[in-house]
Amino acid sequence: MQTHASPRDTFAVLRRARRHGDPKAANLFIRGTAGGGCEVGLIDFQWCGFGLAATDVCHHLCAAADAVVLEQSETSLLDHYHAELVTALVASGAAADAADAAARVLPRSTLQAQYEAALLDMGRLVFAYQITRANFGVAALNRNAYNKELSSAVWLAKRVDGLLAARGL
């Protein structure tokens, strides 16, 4: 039984990405633009650094999305994120076209592997440290977070348990 990643798989090959580190709803400011788009501003950069590309996606979903939404739509949210990322990579010139972005820069399977690694790490952090500081039921901008909403904490526990079980652990 293999219990850790080999040096050549997608868990170990670090696709260095700048990460915000705490992309919860309370740290995001979003406003609509005249053309129908949106502008996003971030605050609270104390946890910035480099890491897996999907870490901030995972953290945001765990800290901002309702547990029912995650239960029903986690895969489609990741699919949507990946499609938008591919479009942005092409628009920014980081990839020649969508096929190049999806195959070379960040394949969907790599996003999934990184997301699952980030979920396991989120579970480690939450259950080893933050759960004792949980304040369930208190109104907050990040009210769906694992430390504010019991159903979100339960979703995270079930998801981490499923990932560990799938790995034979």
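Reply: Happy to! A disulfide here is a pair of cysteine sulfur atoms within 2.5 Å. Please keep in mind that this is a predicted model.

Me: With that cut-off, how many disulfides does a search of the whole structure find?

Reply: A disulfide is a covalent bond between the sulfur atoms of two cysteines. The search therefore looks for cysteine sulfur atoms within 2.5 Å. Over the whole structure, the number of disulfides found is zero.

Me: Which cysteine has the sulfur nearest to that of C62, and how far away is it?

Reply: C62 is in no disulfide.

Me: Is C62 buried or exposed?

Reply: C62 lies in helix α1. Buried means under 20% relative accessible area. C62 has 3% relative accessibility, so it counts as buried.

Me: Let me step back to the overall layout. What pattern does the protein chain follow along the sequence?

Reply: The protein chain has five helices and four strands. Of its 169 residues, 33% count as buried. Among contacts between residues at least 6 apart in sequence, 64% join residues at least 24 apart. Read along the sequence, the pattern is β-β-β-β-α-α-α-α-α.

Me: Where is D44 found?

Reply: D44 has a phi near 65°, a positive value in a residue other than glycine. At 29% relative accessibility, D44 counts as partly exposed. Its place is the loop between β3 (38-42) and β4 (49-51).

Me: On to the helix pairs. How are α1 and α4 oriented to each other?

Reply: Two packed helices are described by the angle between their axes and the distance between the axes. Helix α1 (residues 55-64) and helix α4 (residues 108-128) have axes 8 Å apart, at an angle of about 55°. Their crossing is right-handed. The angle therefore makes α1 and α4 oblique to each other.

Me: Which residues in α4 does α1 meet?

Reply: On the α1 side, the contact uses T55, C58, H59, L61 and C62. By class, the contact of α1 with α4 has seven nonpolar, two polar and no charged residues. On the α4 side, the residues are Y115, A118, L119 and M122.

Me: How far apart are the C-alpha atoms of Q114 and T55?

Reply: Q114 lies in helix α4. It is buried, with a relative accessible area of 0%. Q114 and T55 are 59 residues apart along the chain, and their C-alpha atoms are separated by 7.1 Å.

Me: What is the C-alpha separation of C62 and L119?

Reply: C62 and L119 both belong to the contact of α1 with α4. Along the chain they are 57 residues apart, while the separation of their C-alpha atoms is 8.4 Å.

Me: Which residues does V160 touch, leaving out those up to four places away in sequence?

Reply: V160 is found in helix α5 and is buried, with a relative accessible area of 9%. V160 and L119 are 41 residues apart in sequence and 6.7 Å apart in space, C-alpha to C-alpha. With residues up to four places away left out, V160 touches L119, L120 and G123.

Me: How is α2 oriented to α3?

Reply: Helix α2 (residues 67-92) and helix α3 (residues 98-105) pack at an angle of about 115°, with their axes 8 Å apart. The range from 65 to 115 degrees counts as roughly perpendicular. So α2 is roughly perpendicular to α3.

Me: By class, what residues make the contact of α2 with α3?

Reply: α2 passes α3 in a right-handed crossing. The contact is made by H82, V86, L89 and V90 of α2 and A98, A101, A102 and V105 of α3. By class, that is seven nonpolar, one polar and no charged residues.

Me: And how do the residues divide in the contact of α2 with α5?

Reply: The axes of α2 and helix α5 (residues 150-166) come within 8 Å and cross at roughly 35°. A67, L70, E71 and E74 in α2 meet S151, S152, W155, K158 and R159 in α5. These residues divide into three nonpolar, two polar and four charged.

Terms used:
Residues numbered from 1 in each chain as written. Predicted model: local features only at pLDDT ≥ 70, side-chain atom pairs only at ≥ 80, totals over all residues. Heavy atoms only, no water. Axes fitted to C-alpha atoms, helices over the stretch in contact; angles between N-to-C directions. Helix = DSSP H or I, 4+ residues; strand = E, 2+ residues; numbered from the N terminus. Parallel < 35°, antiparallel > 145°, perpendicular 65-115°, else oblique. Left-handed = near helix turned anticlockwise from the far one by under 90°. Contact = heavy atoms within 4.5 Å. Nonpolar A, V, L, I, M, F, W, Y, C, P; charged D, E, K, R; others polar. Buried < 20%, exposed > 50% of the residue type's maximum accessible area, 1.4 Å probe, protein only.
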